[in-house]
Protein chains: 2
Amino acid sequence: MTKSKARKQAPVILVTNDDGIAAPGIRCLVEAVKELGKVVVVAPDKPQSGMGHAITIGQPLRLHPVHQFPGVEAWQCSGTPVDCVKLAVDKVLHRKPDICLSGINHGANHSINVIYSGTMSAALEASIESIPSVGFSLLDFGIEADFSGAQKYAKILVDQLLKKKFDKHLCLNVNIPAVPEILLKGLKVCRQAYAKYDERFDERHDPSGRKYYWLTGEFVNFDKGKDTDVWALKNNYISVVPVTFDLTHVQLKLKLEKSLTT
Amino acid sequence: MTKSKARKQAPVILVTNDDGIAAPGIRCLVEAVKELGKVVVVAPDKPQSGMGHAITIGQPLRLHPVHQFPGVEAWQCSGTPVDCVKLAVDKVLHRKPDICLSGINHGANHSINVIYSGTMSAALEASIESIPSVGFSLLDFGIEADFSGAQKYAKILVDQLLKKKFDKHLCLNVNIPAVPEILLKGLKVCRQAYAKYDERFDERHDPSGRKYYWLTGEFVNFDKGKDTDVWALKNNYISVVPVTFDLTHVQLKLKLEKSLTT
């Protein structure tokens, strides 16, 4: 087999994130998977945490090549994580990648965080486009966080996904506990816990005396199940939650069909 | 019963949107439901379409009273639709409203649009907080759109929801066809269609010769089911899809538990 043919057959791995292209987490993800295929990075040019599934529709986008990752094609985009996935397919790859990876996020995206997370929204966007995807998040916000355990399991998981050909809409929300690699007990398939933030706003006054508000709050887990991502993480498992973009509430639909006067 | 006691018992109806507090759609929604309870508006101070479930975490928020709606307490917020719901509960109402209504959106939020929609994300945020909610969207982008049919059915639906006490996490995605009121066939409980945008980016050059990109695309329905929101709307029904914030993909979870090496 010629060298060029071998290269053609290597799976194309699109990598993005929501912490921005300069974040250590995305560098660690590229390092973890670059032997598994042809990695191309398209990521936001600035932090985009908490952007959820936002897209840019009122203004145009910019896309510039960067040399951030040795030997890896990379582009920074002025938009959201979801914009990055859309632009990557249309203007960078000119095809669908074999898999889309997002992260490694600095901070947790388990339970309800999946809804707010730009990391997971990028992965979900890929799955809408029939591109299998995984979002990775480490339960450590620190810029000096140790990504070695996350890297090890990211490689193990992505290798399996590329070899086994799972559902084309597969989208996994993977969270890694912030413990030394030796303590990690492996991957655990889970459901999303019902856990959320008990939020309040910190009210302050600017130098002109006008009020402004900072969002703050405590995380509260209402879910006692042992099959949830929150339980798995507390017990040093890496949680793997398959997620869907079909938001239909099936049980409530059945109830409403009987009770709503239409 | 004293007048003050009667007023206390009136349900509190929080109204928000993603088109901004000055949009005709939110005014029409307030008009439609103001006889059903005590309406309080907390909405973005500018258009926030396509913001999905974005929240503001890197900067503070502003909140100012406005006199936009005769006889109705109203506030404009510098943040996203989801921020509006959070701020309304903590700093305006100081309690959970009995119901949260979002819209009436200028444009469709059926099928995959639910993921990108600020209108629906506000409603979903309320349901996370155990506040029943409804997002309303009219299939007409025009600033001169006729909201009369949407108003009629919004009132019918909200009246039922307030009287019957459905699930506290109830969240409905309601879309209204852009046809004269007389042609509307009533409410139809549906599932979310698998339909999405076939997107591409329009590449242009700025006066300095640098490229920029506008998102554009066509809507494509891949779903032939007659139980979907897209089908209902095409047949002049008002589609009602109950949606959930639990994104767990149950079938894929079962498959992965068997096939993933963990």
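Colleague: How many of the residues of β5(B) are buried?

Modeller: This is a predicted model, and in it 8 of the 8 residues of β5(B) are buried, which leaves the strand mostly covered.

Colleague: Which strands does β5(B) pair with, and in what sense, parallel or antiparallel?

Modeller: As a general idea, strands of a sheet pair through backbone hydrogen bonds, either parallel or antiparallel. Here β1(B) and β5(B) run parallel and are joined by 4 bridges, with Ile13(B) having Ile99(B) as its bridge partner in β5(B). β5(B) also pairs with β6(B), again in the parallel sense, over 5 bridges, and the partner of Asn105(B) in β6(B) is Ser137(B).

Colleague: What is the order of the strands in the open sheet of chain B?

Modeller: The open sheet has 9 strands in the order β3-β4-β2-β1-β5-β6-β7-β11-β8 of chain B, and its pairing is mixed. Its edge strands are β3 (63-66) and β8 (187-189) of chain B, each of which pairs on one side only. From one strand to the next, the twist averages 25°. Helix α3 (residues 81-93) of chain B packs on this sheet, where it touches β1, β2, β3, β4 and β5 of chain B, and its direction makes about 135° with that of β2(B). Within the sheet, β2(B) is joined to strand β4 (residues 73-77) of chain B by 5 bridges, the two running parallel, and Ala43(B) has Gln76(B) as its bridge partner in β4(B).

Colleague: Which residues touch the most other members of the largest nonpolar core?

Modeller: In soluble globular proteins, nonpolar side chains tend to be buried together. In this model the largest nonpolar core has 163 residues, and those touching the most other members are Leu29(A), Val41(A), Val42(A), Leu29(B), Val41(B) and Val42(B). To take one case, Leu29(A) touches Val15(A), Leu101(A), Gly103(A), Ile104(A), Phe136(A) and Ala154(A), once residues up to four places away in sequence are set aside.

Colleague: How many residues does each chain bring to the contact between chain A and chain B?

Modeller: The contact takes 60 residues from chain B and 60 residues from chain A. On the side of chain B that touches chain A, the largest share, 5 residues, comes from helix α8 (residues 250-259) of chain B, and the residues of that side divide into 30 nonpolar, 16 polar and 14 charged. Seen from chain A, Leu247(A) lies in the loop between β11 (238-242) and α8 (250-259) of chain A, and, apart from neighbours within four places in sequence, Leu247(A) is in contact with Val114(B), Gln192(B), Val243(B) and Thr244(B).

Colleague: Is Leu247(A) buried or exposed?

Modeller: Leu247(A) counts as buried, because 21 C-beta neighbours lie inside 10 Å. His94(A), by contrast, counts as exposed, with 8 such neighbours inside 10 Å; His94(A) sits in the loop between α3 (81-93) and β5 of chain A.

Note on methods: Residues are numbered from 1 along each chain as its sequence is written. Chains are lettered from A and ligands numbered from 1 in the order in which they are written. This is a predicted model: local features need pLDDT of at least 70, side-chain atom pairs count only at pLDDT 80 or more; totals for chains, interfaces and linings use all residues. Two strands pair if DSSP finds at least two bridges between them. Axes are lines fitted to C-alpha atoms, for helices over the stretch in contact, and angles run from 0 to 180 degrees between N-to-C directions. Two residues are in contact if their C-beta atoms, placed from the backbone, lie within 7 Å. A nonpolar core is a set of buried Ala, Val, Leu, Ile, Met, Phe, Trp, Tyr and Cys residues joined through C-beta atoms within 7 Å. A residue is buried if 20 or more other C-beta atoms lie within 10 Å of its own, exposed if 12 or fewer, and partly exposed in between; C-beta atoms are placed from the backbone. Ala, Val, Leu, Ile, Met, Phe, Trp, Tyr, Cys and Pro count as nonpolar, Asp, Glu, Lys and Arg as charged, and the others, Gly among them, as polar.
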